[in-house]
Protein chains: 2
Amino acid sequence: MIMHSLKTKTTLLLNWYANPYHTPIFAAKALGFYADEDIKLAILEPTDPSDVTEIVGTEQVDIGLKAMLHTVAGHAKGFPISSVATLLDEPPTGLIALKSSGINTFHDITGKRVGYIGEFGKKIIDNLAQHAGIDQKDYQAVRIGMNVTDAICRDIIDAGIGFINFQKVELEQLRGDVNFLRLDQLAGLGCCCFCSIQYIVPDKTIQQQPETIRGFLKATQRGAAFTTEQPDEAFELLCQAKPQLRNELYKKIFLRTLPFFSRSMLNVARDWNKVNRYMQHLNIVDSKFDITTCYTNEYLPVVPYSDTAPIACCI
Amino acid sequence: MIMHSLKTKTTLLLNWYANPYHTPIFAAKALGFYADEDIKLAILEPTDPSDVTEIVGTEQVDIGLKAMLHTVAGHAKGFPISSVATLLDEPPTGLIALKSSGINTFHDITGKRVGYIGEFGKKIIDNLAQHAGIDQKDYQAVRIGMNVTDAICRDIIDAGIGFINFQKVELEQLRGDVNFLRLDQLAGLGCCCFCSIQYIVPDKTIQQQPETIRGFLKATQRGAAFTTEQPDEAFELLCQAKPQLRNELYKKIFLRTLPFFSRSMLNVARDWNKVNRYMQHLNIVDSKFDITTCYTNEYLPVVPYSDTAPIACCI
């Protein structure tokens with residue numbers, strides 16, 4: 001028996017531990033924007049980001065966050081999920097290594113230990129190596145999740161996949177000069193849209209609570225506008241909810257992340273098409289896969305909302 | 001349609017963000033103890049601890065962690081939950097204030113701002129004040145959740161409820177000398193069992209996955225034994241999963257928490273009875289409430305398990 005009658009909260013499962021990426025959501029909550037939509041938002045964090053797709057896909061939460069690549073892969077696996085909006089547009093993703101590691105080009109991974117996040121990161125590394133003519137036995141792939149900085153500091157890996165605005169900033173602060181090889185450039189993709197972070201929902205939420213999705217996205221877009229327009233205040237609101245983030249490192253990560261917050265929150269068809277071709281290339285989906293089933297902009301506000309600049313933004 | 005066929009993971013929702021309290025669980029996971037029981041454990045963290053009872057109570061996760069007091073209160077509200085084991089026995093809880101605040105006895109809250117965690121913390125503060133002959137209008141109660149240290153540092157409150165092994169340690173590190181007034185002594189309770197942290201499960205988990213509960217508790221007890229017997233190694237395993245905890249402050253919190261980990265993990269009838277009387281006193285449950293419906297030791301291993309000392313522990 002599911003105790004529907006006692007459920008009062010809408011659950012949101014983040015893609016990673018709560019961090020500056022999620023400022024628009026924490027700002028919206030602190031400013032009462034969800035309450036304005038009659039939504040009591042319970043924000044949950046995964047300890048292992050690789051758990052998120054299944055938990056959203058098996059309808060154990062109402063809404064989740066996950067990268068575009070994982071949304072497509074989850075859909076292809078049979079999870080009934082769709083992206084209803086974008087949190088972060090194309091955060092540049094790459095191979096991170098200390099300058100002292102001697103890894104200056106992708107060919108330098110020969111003889112090295114390369115950290116990857118999860119199953120798809122492994123496919124990406126192996127595919128890049130194949131194209132570069134590097135045999136799989138000439139480097140060691142090590143699954144380290146999102147903790148690339150810690151894994152390099154612990155000398156578990158020589159290089160690993162991370163974000164220019166996050167783990168690169170962390171590693172620089174802890175250990176000094178860092179090299180960063182953009183995956184999109186290595187793979188000839190043109191952008192890092194495969195790492196764009198999406199708001200994903202199971203079909204059950206769409207069927208049973210469409211108005212909750214609309215209200216959630218309206219409130220979140222107000223939070224995104226506040227974040228980009230009043231960043232210092234927004235970061236303070238994040239820190240009030242998560243005091244562990246109140247330090248210079250996370251402030252720097254926040255400032256480096258600001259340009260990547262999607263203000264329109266729109267799903268961009270060009271990016272989904274590009275990711276679809278890349279996923280086909282990696283043999284994660286087949287050539288008949290219909291990418292348009294993975295996303296919809298139907299639940300986004302028609303007019304982007306800004307509390308501080310409500311009129312004439314396009315004049 | 002719930003996608004049961006695609007569900008492979010057992011979800012555990014912690015009582016708070018992942019921190020040294022949860023070392024037995026992270027140690028058990030890293031050491032493969034859950035895998036030994038065929039359990040893929042997905043550990044989730046709440047951003048707001050006040051969300052946990054409802055999420056477990058509405059069967060959105062398989063297992064949760066929550067204080068004894070909240071387990072009783074949730075049960076009384078109609079959530080079909082029971083405690084199946086204990087994580088932390090009676091962590092001393094109290095009113096925390098900087099020495100410089102001038103709050104040396106409970107009477108000194110007069111004219112001050114007092115932080116509380118959630119709805120039951122407010123009842124406890126008000127009840128203590130009533131017994132001390134302090135009028136509710138002579139102090140200001142401020143809901144601040146678990147973030148008492150940050151709220152004191154931000155000058156939002158003068159004192160607040162927290163743990164001797166956690167927020168008191170944090171505040172001392174950040175701001176110097178701290179006063180700590182134990183709630184159990186103020187209330188004449190004799191112990192802080194109302195704050196003991198329990199493993200709670202919804203009835204659905206008991207009905208559909210009793211062997212999962214048994215396997216989870218067996219693996220977790222191995223993790224608890226490892227934590228108390230090899231604390232440095234256990235803390236390192238926690239930090240590998242959560243590198244943000246790799247600092248001196250969390251190491252100190254871990255060391256101060258060690259004595260409170262339950263090694264037997266048993267529910268203690270004496271404590272449940274005491275909490276029942278206290279909850280009746282606070283008018284949270286009525287005098288007919290049957291406390292024995294709130295807990296069971298049926299799923300715990302018959303013989304406590306230790307990997308390092310498997311024999312003769314009682315000789």
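User: Hi! What should I know about the conventions first?
Analyst: Residues are numbered from 1 along each chain as its sequence is written, and chains are lettered from A and ligands numbered from 1 in the order in which they are written. This is a predicted model, where local features need pLDDT of at least 70, side-chain atom pairs count only at pLDDT 80 or more, and totals for chains, interfaces and linings use all residues, while side-chain values use heavy atoms, with hydrogens and water left out.

User: Fine. What are the ipTM and pTM?
Analyst: The model scores ipTM 0.91 and pTM 0.93.

User: And what is the mean pLDDT of chain A?
Analyst: The mean is 93, and 95% of the residues of chain A reach 70 or more; pLDDT is the predictor's confidence in each residue, from 0 to 100. Over residues 309–315 of chain A, though, the pLDDT is below 50, and this stretch has one contact in the model beyond near neighbours in sequence. Contact here means heavy atoms within 4.5 Å. Where pLDDT is low, the predicted coordinates should not be read in detail.

User: How much area do chain B and chain A bury between them?
Analyst: About 3700 Å², with 49% of it on carbon and sulfur atoms. Buried area is the accessible area (1.4 Å probe) that two parts lose on being put together, summed over both.

User: How many salt bridges are there between chain B and chain A?
Analyst: Six, where a salt bridge is a side-chain nitrogen of Lys or Arg within 4 Å of a carboxyl oxygen of Asp or Glu. There is a salt bridge between the side chains of B:Lys9 and A:Asp51, at 2.8 Å, N to O.

User: Which strands pair there?
Analyst: Strand β2 (residues 41–46) of chain A pairs with β2(B) in the antiparallel sense over three bridges. Strands are DSSP runs of E with at least two residues, helices are runs of H or I with at least four, and both are numbered from the N terminus; two strands pair if DSSP finds at least two bridges between them. A:Pro46 stands opposite B:Leu44 in β2(B).

User: Switching topic: what does A:Asp36 form with A:Arg222?
Analyst: A salt bridge, with the closest N and O atoms 2.9 Å apart. A:Asp36 lies in helix α2 (residues 33–36) of chain A and A:Arg222 in helix α10 (residues 210–229) of chain A, so the pair ties together parts that are 186 residues apart in sequence.
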